[in-house]
Amino acid sequence: MSAPTLDRPAAERPDEAALQRQFDATIAADRRIEPRDWMPEGYRRTLVRQIAQHAHSEIIGMQPEGDWLLAAPSMRRKAILLAKVQDEAGHGLYLYSAAETLGADRADLTDKLIERRQKYSSIFNYPTPTYADVGVIGWLVDGAAICNQVPLCRSSYGPYARAMIRVCKEESFHQRQGYELLMTMMRGTDAQRAMVQDAVDRWWWPSLMMFGPPDDDSPNSAQSMAWGIKRHSNDELRQRFVDMTVPQAAVLGVTLPDQELAPDPETGRYRFGAIDWSEFKQVLAGHGPCNDERIARRRAARDDNAWVTEAATAYARKHES
Ligand code: BYC
């Protein structure tokens, strides 16, 4: 980071151009940047933005499925769901720790989320009215997350890449538990099959939006890819997700709600219909079905549990002295 060098006498300050060259060489050689390495301010800012957003998504992402913890249909389903939701909390914590290595303050990031000055993934602004939503989140949302996050295991910033390795292992368990739940429901009654289809209809398009705006409308992609923070473009990963998911839908016996979805014999990939980007923009602007509810609950969690943070901080101070 550049900040600690500023208070040194000019003669002792490392040459900024040389540091930049060293940074560029590290990126060009596909090696990792570590917290103590010098990095351009824009690189640091971009990482804090993406990692904070990612952490917020994991924490806010506990809510839609968390709503089913008390209503899960069996002890087994409850135990699985509880473990999954706890994993998401863990992911949030690894990611806030990664953001801290860049000089960010965790409480400040939470405040920015609650004040809507930082984003979280659009997908978590949709409701979970039936238990099939739990399965579909595992299958589609965790499936999309895996597509997006596996390449992030090779991200150029060491702490982010390392956090992603563990996160991806857990996400792949989440995706399978969702698929297994849906398989079980599809072997059940007509009403259960209809419930699964309804949930797929509601979550399919928002899952495609998770990958972010199309490449020609993605202001951050080019620089993030040049820095090796992102390894693939939003559209590339979205296409990879569609190609992976269509055969899984066929095995499950559900229809994906897109009449234009069809194999393209030239590319061997699936063509799909136009995404409604106005819906995505509305959700990002805070007008999705559950934006207010998600933020209100996160605010209440921060405020109602402030005494725990205060007590833990006081305890830690006592043991420091
Ligand atoms: N939602 O230039 P772009 C999970 C924003 S949780 C909201 O393409 P970038 C799980 C974007 O931030 C895992 N905002 O940006 C948890 C930017 O705005 P700002 C969630 C979005 O960063 C619980 C603007 O649009 N995964 O798996 O190059 C239960 C322009 O976009 C979204 C991550 O967080 C969106 N969907 O690329 C179950 C992945 N898309 O910041 C599961 C990590 C875009 O300039 N993040 N925006 O104001 C990334 O990979 C990248 O940040 C993105 C966007 C691909 C999402």
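Predicted model: local features only at pLDDT ≥ 70, side-chain atom pairs only at ≥ 80, totals over all residues.

Trainee: Which residue forms a salt bridge with Glu34, and how far apart are the closest N and O atoms?

Mentor: The partner of Glu34 is Arg162, with 2.8 Å between the closest N and O atoms. Glu34 sits in the loop between helices H1 and H2, whereas Arg162 belongs to helix H7, so the pair ties together parts 128 residues apart in sequence. Glu34 is partly exposed, at 25% relative accessible area, and Arg162 is partly exposed at 43%.

Trainee: How many residues apart are Arg44 and Glu41 in helix H2?

Mentor: They are 3 residues apart, which means a separation of about one helical turn. Their side chains meet in a salt bridge at 3.1 Å, N to O. Arg44 counts as buried, with 19% relative accessibility, while Glu41 is partly exposed at 36%. Elsewhere, a network of salt bridges links Glu65, Lys84, Glu88 and Asp142.

Trainee: How are two packed helices described?

Mentor: One gives the angle between their axes and the distance between the axes. Here the axes of H7 and H8 come within 8 Å and cross at roughly 140°, and the two helices are therefore oblique to each other. Residues making the contact include Leu182 of H7 and Val196 of H8. The contact residues divide into 5 nonpolar, 1 polar and 1 charged.

Key:
Residues numbered from 1 in each chain as written. Heavy atoms only, no water. Axes fitted to C-alpha atoms, helices over the stretch in contact; angles between N-to-C directions. Helix = DSSP H or I, 4+ residues; strand = E, 2+ residues; numbered from the N terminus. Parallel < 35°, antiparallel > 145°, perpendicular 65-115°, else oblique. Contact = heavy atoms within 4.5 Å. Nonpolar A, V, L, I, M, F, W, Y, C, P; charged D, E, K, R; others polar. Salt bridge = Lys/Arg side-chain N within 4 Å of Asp/Glu carboxyl O. Buried < 20%, exposed > 50% of the residue type's maximum accessible area, 1.4 Å probe, protein only.
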